[in-house]
Amino acid sequence: MSKSISILWADDEIDLLRPHILLLEGKGFDVVTASNGEDAIDRVTERDFDLIFLDENMPGLTGLQVLSKIKIINPNIPVVMITKSEEEDIMDEAIGSKIADYLIKPVNPKQVLLTIKKFTDTKRLVSEKTTSAYQTEFGRIGMQINESLSWQDWIQIQRKLVFWEMELSGSSETPMDEVFRMQKLEANHSFARFIRRNYASWFSSEIGDRPILSPDVLRHKVFPLMDGETPVVLMMIDNLRYDQWKVIEPILLEYFTVEDDDLYYSILPTATQFARNAFFGGLMPLEISRLYPDIWKEEGEEGSKNLFEEELLKNHLQRLGMPVKFVYDKINTNRNGRKWVDHYSPLLDQPLSVLVYNFVDMLSHARTEMNMIRELADDEAAYRTLTQTWFLHSPMLELLRELSTQKVRVVITTDHGTVLVQDPIKIIGDRQTSTNLRYKQGKNLNYNPKEVFEVVRAEEIHLPRPNVSTRYVFATGTDFFAYPNNYNHYVKYYRNTFQHGGISLEEMIIPLIVLQSKA
(Lines give C-alpha, C1' and ligand atoms only; values in the text may rest on other atoms or scores of the structure.)
Protein backbone atom coordinates (compact mmCIF):
# COMPACT_ATOMS: atom_id res chain seq x y z
CA MET A 1 0.00 0.00 0.00
CA SER A 2 1.84 3.10 -1.26
CA LYS A 3 -0.15 5.56 0.84
CA SER A 4 -1.75 4.64 4.16
CA ILE A 5 -5.52 5.12 3.96
CA SER A 6 -6.71 7.40 6.76
CA ILE A 7 -10.00 6.66 8.52
CA LEU A 8 -11.90 8.62 11.17
CA TRP A 9 -14.18 6.51 13.38
CA ALA A 10 -16.55 8.53 15.60
CA ASP A 11 -18.58 6.60 18.19
CA ASP A 12 -19.43 7.28 21.84
CA GLU A 13 -18.64 3.60 22.55
CA ILE A 14 -15.31 3.72 20.78
CA ASP A 15 -13.57 1.63 23.49
CA LEU A 16 -15.84 -1.31 22.64
CA LEU A 17 -14.68 -1.06 19.02
CA ARG A 18 -10.98 -1.42 19.92
CA PRO A 19 -10.70 -4.95 18.36
CA HIS A 20 -11.97 -3.58 15.02
CA ILE A 21 -9.54 -0.67 15.15
CA LEU A 22 -6.56 -2.92 16.00
CA LEU A 23 -7.50 -5.18 13.07
CA LEU A 24 -7.59 -2.22 10.68
CA GLU A 25 -4.27 -0.87 11.98
CA GLY A 26 -2.77 -4.32 11.53
CA LYS A 27 -3.77 -4.20 7.89
CA GLY A 28 -1.98 -0.88 7.40
CA PHE A 29 -4.85 1.59 7.80
CA ASP A 30 -4.34 4.84 9.72
CA VAL A 31 -7.29 5.02 12.13
CA VAL A 32 -8.14 8.14 14.15
CA THR A 33 -10.93 7.95 16.75
CA ALA A 34 -13.39 10.39 18.30
CA SER A 35 -15.86 9.68 21.10
CA ASN A 36 -18.29 12.53 20.37
CA GLY A 37 -19.47 14.77 17.57
CA GLU A 38 -17.51 17.87 18.58
CA ASP A 39 -14.23 15.92 18.57
CA ALA A 40 -15.09 14.41 15.19
CA ILE A 41 -15.62 17.87 13.68
CA ASP A 42 -12.31 19.05 15.18
CA ARG A 43 -10.49 16.07 13.62
CA VAL A 44 -11.94 16.82 10.15
CA THR A 45 -10.92 20.46 10.52
CA GLU A 46 -7.36 19.49 11.42
CA ARG A 47 -6.60 16.95 8.65
CA ASP A 48 -7.88 15.08 5.61
CA PHE A 49 -9.47 11.65 5.77
CA ASP A 50 -10.22 9.11 3.05
CA LEU A 51 -13.29 7.72 4.85
CA ILE A 52 -15.37 8.42 7.98
CA PHE A 53 -17.39 5.94 10.05
CA LEU A 54 -19.97 7.97 11.99
CA ASP A 55 -22.26 6.68 14.73
CA GLU A 56 -25.78 8.01 14.24
CA ASN A 57 -26.79 7.98 17.92
CA MET A 58 -24.26 9.91 20.04
CA PRO A 59 -24.89 12.16 23.06
CA GLY A 60 -24.59 15.86 22.35
CA LEU A 61 -24.47 16.39 18.62
CA THR A 62 -26.25 13.58 16.77
CA GLY A 63 -24.65 11.80 13.86
CA LEU A 64 -26.85 13.69 11.39
CA GLN A 65 -25.83 17.04 12.91
CA VAL A 66 -22.16 16.06 12.72
CA LEU A 67 -22.66 14.88 9.15
CA SER A 68 -24.04 18.26 8.04
CA LYS A 69 -21.08 20.09 9.58
CA ILE A 70 -18.55 17.68 8.04
CA LYS A 71 -20.09 18.21 4.60
CA ILE A 72 -19.60 21.95 4.99
CA ILE A 73 -15.92 21.47 5.90
CA ASN A 74 -15.24 18.89 3.17
CA PRO A 75 -18.19 17.81 1.02
CA ASN A 76 -16.15 15.12 -0.79
CA ILE A 77 -15.28 12.84 2.16
CA PRO A 78 -17.35 9.63 1.98
CA VAL A 79 -19.22 9.20 5.28
CA VAL A 80 -20.61 5.81 6.33
CA MET A 81 -23.38 6.13 8.93
CA ILE A 82 -23.53 3.43 11.61
CA THR A 83 -26.95 3.03 13.21
CA LYS A 84 -28.74 0.68 15.59
CA SER A 85 -31.93 0.63 13.54
CA GLU A 86 -33.19 0.99 9.99
CA GLU A 87 -35.97 3.42 10.85
CA GLU A 88 -37.17 4.87 7.57
CA ASP A 89 -37.19 8.53 8.58
CA ILE A 90 -33.61 8.35 9.89
CA MET A 91 -32.42 6.59 6.73
CA ASP A 92 -34.23 9.07 4.48
CA GLU A 93 -32.67 11.99 6.29
CA ALA A 94 -29.21 10.42 6.24
CA ILE A 95 -29.41 9.60 2.53
CA GLY A 96 -30.75 13.08 1.83
CA SER A 97 -27.72 14.44 3.66
CA LYS A 98 -25.53 12.51 1.20
CA ILE A 99 -24.11 9.67 3.26
CA ALA A 100 -22.06 7.31 1.14
CA ASP A 101 -23.45 4.17 2.81
CA TYR A 102 -24.72 2.86 6.15
CA LEU A 103 -24.06 -0.14 8.39
CA ILE A 104 -26.31 -1.66 11.08
CA LYS A 105 -24.91 -2.36 14.55
CA PRO A 106 -23.36 -4.61 15.60
CA VAL A 107 -20.88 -4.34 12.75
CA ASN A 108 -18.48 -7.17 12.02
CA PRO A 109 -14.90 -6.88 10.71
CA LYS A 110 -15.78 -8.29 7.28
CA GLN A 111 -18.45 -5.60 6.76
CA VAL A 112 -15.99 -2.89 7.74
CA LEU A 113 -13.24 -4.15 5.43
CA LEU A 114 -15.63 -4.49 2.47
CA THR A 115 -16.90 -0.95 3.04
CA ILE A 116 -13.36 0.45 3.15
CA LYS A 117 -12.46 -1.40 -0.04
CA LYS A 118 -15.61 -0.11 -1.72
CA PHE A 119 -14.78 3.54 -1.10
CA THR A 120 -11.00 3.60 -1.22
CA ASP A 121 -10.13 0.93 -3.76
CA THR A 122 -12.89 1.30 -6.35
CA LYS A 123 -11.04 3.94 -8.35
CA ARG A 124 -7.94 1.76 -8.58
CA LEU A 125 -9.96 -1.32 -9.57
CA VAL A 126 -11.91 0.62 -12.21
CA SER A 127 -8.66 2.10 -13.54
CA GLU A 128 -7.06 -1.33 -13.79
CA LYS A 129 -10.10 -2.79 -15.56
CA THR A 130 -10.30 0.17 -17.99
CA THR A 131 -6.59 -0.08 -18.74
CA SER A 132 -6.86 -3.80 -19.36
CA ALA A 133 -9.88 -3.35 -21.64
CA TYR A 134 -8.10 -0.65 -23.68
CA GLN A 135 -5.00 -2.85 -23.98
CA THR A 136 -7.23 -5.50 -25.55
CA GLU A 137 -8.84 -2.96 -27.91
CA PHE A 138 -5.59 -1.13 -28.77
CA GLY A 139 -4.53 -3.61 -31.44
CA ARG A 140 -7.97 -3.69 -33.08
CA ILE A 141 -8.11 0.11 -33.29
CA GLY A 142 -4.57 0.19 -34.70
CA MET A 143 -5.51 -2.28 -37.43
CA GLN A 144 -8.64 -0.27 -38.24
CA ILE A 145 -6.58 2.94 -38.51
CA ASN A 146 -4.13 1.28 -40.91
CA GLU A 147 -6.87 -0.29 -43.04
CA SER A 148 -9.37 2.60 -43.12
CA LEU A 149 -10.33 3.24 -46.72
CA SER A 150 -13.71 4.93 -46.39
CA TRP A 151 -15.25 7.95 -44.73
CA GLN A 152 -17.51 5.57 -42.75
CA ASP A 153 -14.43 3.86 -41.27
CA TRP A 154 -13.18 7.17 -39.94
CA ILE A 155 -16.49 7.96 -38.27
CA GLN A 156 -16.28 4.63 -36.44
CA ILE A 157 -12.68 5.31 -35.43
CA GLN A 158 -13.63 8.73 -34.10
CA ARG A 159 -16.41 7.19 -32.01
CA LYS A 160 -14.02 4.61 -30.57
CA LEU A 161 -11.27 7.11 -29.82
CA VAL A 162 -13.66 9.45 -28.02
CA PHE A 163 -15.07 6.53 -26.03
CA TRP A 164 -11.65 5.37 -24.86
CA GLU A 165 -10.37 8.88 -24.23
CA MET A 166 -13.24 9.51 -21.85
CA GLU A 167 -12.92 6.08 -20.22
CA LEU A 168 -9.21 6.54 -19.58
CA SER A 169 -9.57 10.14 -18.39
CA GLY A 170 -12.11 8.97 -15.82
CA SER A 171 -9.56 6.66 -14.17
CA SER A 172 -6.20 7.27 -12.53
CA GLU A 173 -3.21 8.38 -14.60
CA THR A 174 -1.60 5.25 -16.07
CA PRO A 175 1.08 4.46 -18.67
CA MET A 176 -1.79 3.65 -21.05
CA ASP A 177 -2.69 7.35 -21.19
CA GLU A 178 0.51 8.02 -23.11
CA VAL A 179 -0.15 4.99 -25.32
CA PHE A 180 -3.58 6.39 -26.11
CA ARG A 181 -2.16 9.84 -26.93
CA MET A 182 0.25 8.21 -29.39
CA GLN A 183 -2.57 6.20 -30.99
CA LYS A 184 -4.70 9.31 -31.34
CA LEU A 185 -1.77 11.13 -32.96
CA GLU A 186 -1.26 8.20 -35.34
CA ALA A 187 -4.96 8.26 -36.19
CA ASN A 188 -4.82 11.96 -37.08
CA HIS A 189 -1.76 11.44 -39.29
CA SER A 190 -3.56 8.66 -41.16
CA PHE A 191 -6.76 10.70 -41.36
CA ALA A 192 -4.85 13.61 -42.92
CA ARG A 193 -3.49 11.25 -45.60
CA PHE A 194 -7.05 10.04 -46.22
CA ILE A 195 -8.31 13.62 -46.64
CA ARG A 196 -5.45 14.50 -49.01
CA ARG A 197 -6.34 11.54 -51.23
CA ASN A 198 -10.13 11.85 -51.19
CA TYR A 199 -11.41 15.30 -50.26
CA ALA A 200 -11.41 16.86 -53.75
CA SER A 201 -13.22 13.85 -55.25
CA TRP A 202 -16.17 14.27 -52.87
CA PHE A 203 -17.45 17.26 -54.84
CA SER A 204 -18.17 15.08 -57.87
CA SER A 205 -19.71 12.25 -55.82
CA GLU A 206 -23.18 11.53 -54.46
CA ILE A 207 -23.97 11.30 -50.75
CA GLY A 208 -23.29 7.73 -49.74
CA ASP A 209 -20.15 7.57 -51.83
CA ARG A 210 -19.06 10.55 -49.80
CA PRO A 211 -20.08 11.79 -46.33
CA ILE A 212 -22.65 14.42 -45.52
CA LEU A 213 -20.77 17.73 -45.57
CA SER A 214 -21.63 21.12 -44.10
CA PRO A 215 -23.82 22.28 -47.04
CA ASP A 216 -25.82 19.00 -46.95
CA VAL A 217 -26.89 18.95 -43.32
CA LEU A 218 -30.02 21.09 -43.44
CA ARG A 219 -31.40 19.64 -46.65
CA HIS A 220 -30.76 15.99 -45.83
CA LYS A 221 -30.94 15.82 -42.04
CA VAL A 222 -32.94 18.77 -40.66
CA PHE A 223 -35.54 19.87 -43.22
CA PRO A 224 -36.98 16.31 -43.50
CA LEU A 225 -37.86 16.54 -39.77
CA MET A 226 -40.24 19.44 -40.51
CA ASP A 227 -43.43 17.37 -40.81
CA GLY A 228 -45.90 20.22 -40.27
CA GLU A 229 -46.86 18.94 -36.82
CA THR A 230 -43.75 18.91 -34.63
CA PRO A 231 -41.66 22.10 -34.52
CA VAL A 232 -37.91 21.68 -34.97
CA VAL A 233 -35.48 23.71 -32.86
CA LEU A 234 -31.93 23.64 -34.21
CA MET A 235 -29.29 24.60 -31.64
CA MET A 236 -25.84 25.16 -33.10
CA ILE A 237 -23.06 25.27 -30.51
CA ASP A 238 -20.10 26.88 -32.25
CA ASN A 239 -16.85 24.91 -31.96
CA LEU A 240 -18.38 21.82 -30.27
CA ARG A 241 -16.33 18.64 -30.49
CA TYR A 242 -17.81 15.16 -30.33
CA ASP A 243 -16.21 14.48 -26.92
CA GLN A 244 -17.76 17.68 -25.58
CA TRP A 245 -21.17 16.52 -26.78
CA LYS A 246 -20.66 13.18 -24.98
CA VAL A 247 -20.16 14.92 -21.60
CA ILE A 248 -23.36 16.95 -21.91
CA GLU A 249 -25.44 14.10 -23.39
CA PRO A 250 -26.13 12.37 -20.01
CA ILE A 251 -27.54 15.63 -18.64
CA LEU A 252 -30.13 15.74 -21.43
CA LEU A 253 -31.18 12.09 -21.21
CA GLU A 254 -33.35 12.99 -18.22
CA TYR A 255 -35.51 15.13 -20.52
CA PHE A 256 -35.08 13.74 -24.05
CA THR A 257 -34.56 10.53 -25.94
CA VAL A 258 -31.82 10.44 -28.57
CA GLU A 259 -33.53 9.83 -31.90
CA ASP A 260 -30.34 10.06 -33.97
CA ASP A 261 -26.70 10.19 -32.81
CA ASP A 262 -24.87 11.00 -36.02
CA LEU A 263 -21.59 12.53 -37.13
CA TYR A 264 -20.95 14.60 -40.24
CA TYR A 265 -17.88 16.13 -41.88
CA SER A 266 -17.13 19.84 -41.71
CA ILE A 267 -15.78 21.31 -44.94
CA LEU A 268 -12.33 22.88 -45.19
CA PRO A 269 -11.34 25.28 -43.83
CA THR A 270 -12.91 24.15 -40.55
CA ALA A 271 -13.53 27.79 -39.66
CA THR A 272 -16.74 29.69 -39.00
CA GLN A 273 -16.57 31.92 -42.07
CA PHE A 274 -16.53 28.90 -44.37
CA ALA A 275 -18.21 26.02 -42.52
CA ARG A 276 -21.09 27.92 -40.92
CA ASN A 277 -21.98 29.95 -44.02
CA ALA A 278 -21.93 26.71 -46.05
CA PHE A 279 -24.12 25.03 -43.41
CA PHE A 280 -26.87 27.66 -43.53
CA GLY A 281 -26.56 28.50 -47.21
CA GLY A 282 -26.62 24.89 -48.40
CA LEU A 283 -23.79 25.81 -50.77
CA MET A 284 -20.02 25.63 -50.81
CA PRO A 285 -18.20 28.95 -50.28
CA LEU A 286 -17.31 29.25 -53.99
CA GLU A 287 -21.00 29.06 -54.98
CA ILE A 288 -21.99 31.51 -52.22
CA SER A 289 -19.40 34.02 -53.41
CA ARG A 290 -20.72 33.75 -56.98
CA LEU A 291 -24.48 33.71 -56.25
CA TYR A 292 -24.42 36.25 -53.43
CA PRO A 293 -21.37 38.48 -53.91
CA ASP A 294 -22.83 41.09 -51.53
CA ILE A 295 -22.95 38.49 -48.75
CA TRP A 296 -19.57 36.82 -49.13
CA LYS A 297 -16.59 38.71 -47.74
CA GLU A 298 -13.04 37.70 -48.56
CA GLU A 299 -10.31 37.38 -45.94
CA GLY A 300 -8.85 40.83 -46.53
CA GLU A 301 -12.17 42.68 -46.56
CA GLU A 302 -13.35 44.60 -43.52
CA GLY A 303 -16.44 43.61 -41.56
CA SER A 304 -17.74 40.42 -39.99
CA LYS A 305 -17.78 37.29 -42.14
CA ASN A 306 -20.87 35.92 -40.38
CA LEU A 307 -23.51 38.62 -40.50
CA PHE A 308 -25.68 37.01 -43.18
CA GLU A 309 -26.44 33.52 -41.86
CA GLU A 310 -30.15 34.30 -41.50
CA GLU A 311 -30.29 35.58 -45.08
CA LEU A 312 -28.39 32.53 -46.35
CA LEU A 313 -30.88 30.25 -44.57
CA LYS A 314 -33.80 32.15 -46.09
CA ASN A 315 -32.30 31.84 -49.58
CA HIS A 316 -31.67 28.14 -48.96
CA LEU A 317 -35.34 27.52 -48.12
CA GLN A 318 -36.49 29.56 -51.12
CA ARG A 319 -34.33 27.57 -53.53
CA LEU A 320 -35.96 24.37 -52.25
CA GLY A 321 -39.47 25.85 -52.49
CA MET A 322 -40.04 25.50 -48.75
CA PRO A 323 -41.85 27.90 -46.35
CA VAL A 324 -39.45 30.67 -45.42
CA LYS A 325 -40.92 31.60 -42.02
CA PHE A 326 -38.52 30.70 -39.23
CA VAL A 327 -36.94 32.03 -36.06
CA TYR A 328 -33.21 32.87 -36.03
CA ASP A 329 -31.12 34.26 -33.19
CA LYS A 330 -27.44 34.36 -32.28
CA ILE A 331 -26.79 34.08 -28.53
CA ASN A 332 -23.58 35.64 -27.27
CA THR A 333 -24.59 36.48 -23.68
CA ASN A 334 -26.50 34.85 -20.83
CA ARG A 335 -28.94 37.75 -20.90
CA ASN A 336 -29.79 37.04 -24.53
CA GLY A 337 -30.10 33.33 -23.76
CA ARG A 338 -32.40 33.93 -20.80
CA LYS A 339 -34.76 35.89 -23.03
CA TRP A 340 -35.67 32.62 -24.76
CA VAL A 341 -36.12 30.80 -21.43
CA ASP A 342 -38.71 33.36 -20.35
CA HIS A 343 -40.47 33.57 -23.73
CA TYR A 344 -39.93 30.37 -25.69
CA SER A 345 -43.41 30.15 -27.26
CA PRO A 346 -42.26 31.66 -30.61
CA LEU A 347 -40.04 28.58 -31.01
CA LEU A 348 -43.16 26.43 -31.01
CA ASP A 349 -45.09 28.64 -33.46
CA GLN A 350 -42.76 28.10 -36.44
CA PRO A 351 -41.79 24.85 -38.18
CA LEU A 352 -38.10 25.74 -37.77
CA SER A 353 -36.17 27.78 -35.22
CA VAL A 354 -32.39 28.26 -35.18
CA LEU A 355 -30.39 29.37 -32.13
CA VAL A 356 -26.61 29.76 -32.42
CA TYR A 357 -24.70 29.57 -29.13
CA ASN A 358 -21.17 30.96 -29.15
CA PHE A 359 -19.97 30.06 -25.64
CA VAL A 360 -17.68 27.13 -26.51
CA ASP A 361 -16.03 29.18 -29.25
CA MET A 362 -15.53 32.06 -26.80
CA LEU A 363 -14.13 29.59 -24.27
CA SER A 364 -11.50 28.31 -26.71
CA HIS A 365 -10.43 31.86 -27.56
CA ALA A 366 -10.41 32.90 -23.89
CA ARG A 367 -8.24 29.90 -23.08
CA THR A 368 -5.68 31.14 -25.60
CA GLU A 369 -5.71 34.72 -24.36
CA MET A 370 -6.26 34.40 -20.59
CA ASN A 371 -3.85 32.58 -18.28
CA MET A 372 -6.61 31.90 -15.73
CA ILE A 373 -8.76 30.03 -18.26
CA ARG A 374 -5.70 28.21 -19.58
CA GLU A 375 -4.96 27.01 -16.04
CA LEU A 376 -8.58 25.91 -15.54
CA ALA A 377 -8.57 23.91 -18.78
CA ASP A 378 -4.96 22.77 -18.98
CA ASP A 379 -5.76 19.61 -20.96
CA GLU A 380 -8.56 18.08 -22.99
CA ALA A 381 -10.25 16.39 -20.03
CA ALA A 382 -10.38 19.72 -18.18
CA TYR A 383 -11.66 21.43 -21.34
CA ARG A 384 -14.53 18.92 -21.47
CA THR A 385 -15.27 19.48 -17.78
CA LEU A 386 -15.37 23.25 -18.26
CA THR A 387 -17.80 22.79 -21.15
CA GLN A 388 -19.97 20.54 -18.99
CA THR A 389 -19.94 23.07 -16.14
CA TRP A 390 -20.99 25.87 -18.49
CA PHE A 391 -23.82 23.76 -19.87
CA LEU A 392 -25.11 22.75 -16.42
CA HIS A 393 -25.52 26.40 -15.45
CA SER A 394 -26.46 27.83 -18.85
CA PRO A 395 -29.72 29.35 -20.08
CA MET A 396 -29.44 26.81 -22.91
CA LEU A 397 -30.09 23.93 -20.50
CA GLU A 398 -32.93 25.89 -18.87
CA LEU A 399 -34.49 26.38 -22.28
CA LEU A 400 -34.07 22.70 -23.13
CA ARG A 401 -35.84 21.75 -19.90
CA GLU A 402 -38.76 23.96 -20.88
CA LEU A 403 -38.85 22.57 -24.42
CA SER A 404 -38.79 19.00 -23.10
CA THR A 405 -42.31 19.57 -21.73
CA GLN A 406 -43.58 20.29 -25.24
CA LYS A 407 -44.00 18.21 -28.36
CA VAL A 408 -40.80 19.24 -30.13
CA ARG A 409 -37.69 17.92 -31.86
CA VAL A 410 -34.33 19.44 -30.97
CA VAL A 411 -31.28 19.20 -33.22
CA ILE A 412 -27.94 19.86 -31.54
CA THR A 413 -24.95 20.31 -33.82
CA THR A 414 -21.99 22.54 -34.60
CA ASP A 415 -20.15 24.06 -37.55
CA HIS A 416 -16.68 22.65 -36.78
CA GLY A 417 -14.59 21.32 -33.91
CA THR A 418 -11.22 22.30 -32.51
CA VAL A 419 -7.88 20.61 -31.85
CA LEU A 420 -5.20 21.04 -29.18
CA VAL A 421 -2.14 22.18 -31.16
CA GLN A 422 1.44 21.30 -30.23
CA ASP A 423 3.82 21.37 -33.21
CA PRO A 424 4.76 24.60 -35.07
CA ILE A 425 5.29 24.73 -38.85
CA LYS A 426 7.14 27.65 -40.36
CA ILE A 427 5.36 29.60 -43.09
CA ILE A 428 6.01 32.95 -44.77
CA GLY A 429 3.28 35.13 -46.28
CA ASP A 430 2.56 38.72 -47.24
CA ARG A 431 0.25 41.17 -45.44
CA GLN A 432 -2.83 39.83 -47.25
CA THR A 433 -2.29 36.30 -45.90
CA SER A 434 -5.06 35.06 -43.60
CA THR A 435 -4.24 35.04 -39.89
CA ASN A 436 -5.73 31.68 -38.89
CA LEU A 437 -3.21 29.30 -37.29
CA ARG A 438 -4.57 26.14 -38.94
CA TYR A 439 -5.00 27.29 -42.53
CA LYS A 440 -3.54 30.00 -44.70
CA GLN A 441 -4.99 31.67 -47.78
CA GLY A 442 -2.72 33.95 -49.79
CA LYS A 443 -0.74 34.70 -52.93
CA ASN A 444 2.88 34.53 -51.84
CA LEU A 445 3.11 31.66 -49.39
CA ASN A 446 6.39 29.93 -48.64
CA TYR A 447 6.25 26.60 -46.77
CA ASN A 448 7.34 22.98 -46.89
CA PRO A 449 4.66 21.21 -49.01
CA LYS A 450 5.43 17.89 -47.29
CA GLU A 451 4.19 19.32 -43.98
CA VAL A 452 0.78 20.56 -45.18
CA PHE A 453 -2.19 19.81 -47.38
CA GLU A 454 -1.84 22.35 -50.18
CA VAL A 455 -4.54 23.30 -52.66
CA VAL A 456 -3.23 25.27 -55.61
CA ARG A 457 -6.53 25.31 -57.55
CA ALA A 458 -9.09 26.37 -54.97
CA GLU A 459 -11.98 25.64 -57.35
CA GLU A 460 -11.27 21.92 -56.98
CA ILE A 461 -12.51 22.04 -53.39
CA HIS A 462 -15.09 24.74 -54.14
CA LEU A 463 -13.39 27.62 -52.35
CA PRO A 464 -13.25 31.16 -53.73
CA ARG A 465 -9.96 32.40 -55.14
CA PRO A 466 -9.67 36.22 -54.87
CA ASN A 467 -6.55 36.23 -57.06
CA VAL A 468 -5.24 33.94 -59.77
CA SER A 469 -2.24 33.00 -57.62
CA THR A 470 -4.20 32.51 -54.37
CA ARG A 471 -3.73 29.12 -52.78
CA TYR A 472 -4.85 27.42 -49.56
CA VAL A 473 -2.67 25.39 -47.21
CA PHE A 474 -3.99 23.41 -44.26
CA ALA A 475 -2.20 22.24 -41.12
CA THR A 476 -2.87 18.64 -40.11
CA GLY A 477 -2.88 16.71 -36.83
CA THR A 478 -1.63 18.91 -33.99
CA ASP A 479 0.44 21.27 -36.19
CA PHE A 480 -0.02 25.02 -36.32
CA PHE A 481 1.50 27.74 -38.50
CA ALA A 482 4.11 30.11 -37.09
CA TYR A 483 5.98 32.96 -38.77
CA PRO A 484 9.80 33.03 -38.53
CA ASN A 485 9.67 36.57 -37.10
CA ASN A 486 9.63 36.36 -33.31
CA TYR A 487 9.23 32.61 -33.76
CA ASN A 488 9.98 31.42 -30.19
CA HIS A 489 7.59 33.88 -28.56
CA TYR A 490 4.86 32.99 -31.06
CA VAL A 491 5.29 29.25 -30.51
CA LYS A 492 5.31 29.57 -26.72
CA TYR A 493 2.11 31.65 -26.79
CA TYR A 494 0.09 29.37 -29.07
CA ARG A 495 1.39 25.90 -28.24
CA ASN A 496 -1.13 23.87 -26.20
CA THR A 497 -4.08 26.04 -27.27
CA PHE A 498 -7.28 24.96 -29.02
CA GLN A 499 -7.41 26.04 -32.67
CA HIS A 500 -9.53 25.25 -35.71
CA GLY A 501 -9.37 25.62 -39.47
CA GLY A 502 -7.28 22.59 -40.39
CA ILE A 503 -7.50 18.83 -40.76
CA SER A 504 -8.04 16.58 -37.74
CA LEU A 505 -10.66 14.15 -36.53
CA GLU A 506 -11.60 16.62 -33.79
CA GLU A 507 -12.19 19.51 -36.23
CA MET A 508 -13.82 17.66 -39.13
CA ILE A 509 -15.92 14.81 -37.72
CA ILE A 510 -18.52 16.54 -35.58
CA PRO A 511 -21.84 15.78 -33.83
CA LEU A 512 -25.30 15.95 -35.37
CA ILE A 513 -27.84 14.91 -32.74
CA VAL A 514 -31.63 14.69 -32.96
CA LEU A 515 -33.51 14.69 -29.65
CA GLN A 516 -37.18 13.89 -29.12
CA SER A 517 -38.88 15.36 -26.05
CA LYS A 518 -40.20 12.71 -23.68
CA ALA A 519 -43.45 14.68 -23.56
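How many positive and negative side chains does the protein have, and how far apart do the centres of the two sets lie? There are 58 positive and 75 negative side chains, with the two centres 6 Å apart. Lys and Arg count as positive, Asp and Glu as negative, while His and the chain ends are not counted; each charge is placed at NZ of Lys, CZ of Arg, CG of Asp or CD of Glu.

Before you start clicking, note that this is a predicted model, in which local features need pLDDT of at least 70 and side-chain atom pairs count only at pLDDT 80 or more, while totals for chains, interfaces and linings use all residues. Residues are numbered from 1 along each chain as its sequence is written, and side-chain values use heavy atoms, leaving out hydrogens and water.

**The whole protein**

Begin with everything shown. The C-alpha atoms fill a box of roughly 90 × 55 × 40 Å along the principal axes.

Of the 519 residues, 53% count as buried. Buried means under 20% relative accessible area, exposed means over 50%, and partly exposed lies in between (1.4 Å probe, protein chains only). Among contacts with a separation of 6 or more, 74% are between residues 24 or more positions apart; a contact means heavy atoms within 4.5 Å.

**First stop: a five-strand sheet**

Select strands E1 to E5. They form an open sheet in the order E2-E1-E3-E4-E5, and the pairing is parallel. Strand E2 (30–34) and E5 stand at the edges with a single partner strand each, so one side of each has no neighbour in the sheet. On average, neighbouring strands here are turned by 20° against each other, direction ignored.

Zoom in on E1 (residues 6–10) and E3 (residues 51–55), which run parallel and are joined by four bridges. Two strands count as paired if DSSP finds at least two bridges between them. Show the side chains of Trp-9 and Phe-53: Trp-9 stands opposite Phe-53 in E3.

H3 lies across E3 and strand E4 (79–83), running at about 175° to E4. Such angles run from 0 to 180 degrees between N-to-C directions, with axes as lines fitted to C-alpha atoms, for helices over the stretch in contact.

Most residues other than glycine have a negative phi, and most peptide bonds are trans. Here are some places to check.

- Select Lys-105 and Pro-106, which are joined by a cis peptide bond with omega about -5°. Pro-106 sits in the loop between strand E5 (101–104) and helix H5 (109–120).
- Go on to Leu-268 and Pro-269, where another cis peptide bond has omega of about -10°. Pro-269 is in the loop between strand E7 (256–265) and helix H11 (272–281).
- Pick Asn-239, which is not a glycine but has a positive phi of about 75°. Asn-239 is in the loop between strand E6 (232–237) and helix H10 (242–252), and counts as buried at 0% relative accessibility.
- Then pick Asn-496, with phi near 65°. Asn-496 belongs to the loop between helix H20 (487–494) and strand E17 (498–499) and is partly exposed, at 24% relative accessible area.

Is strand E16 (residues 479–482) covered on one face or on both? Both faces are covered: Asp-479 and Phe-481 on one side, and Phe-480 and Ala-482 on the other, are all buried. Ile-425 stands opposite Phe-481.

**Last stop: a three-strand sheet**

Select E13, E14 and E15. They make an open sheet in the order E13-E15-E14, with antiparallel pairing. Strand E13 (439–442) and strand E14 (453–455) are at the edges. From one strand to the next, the twist averages 10°. Three bridges join E14 to E15 (residues 471–474), and the bridge partner of Phe-453 is Phe-474.

Terms used:
Helix = DSSP H or I, 4+ residues; strand = E, 2+ residues; numbered from the N terminus.
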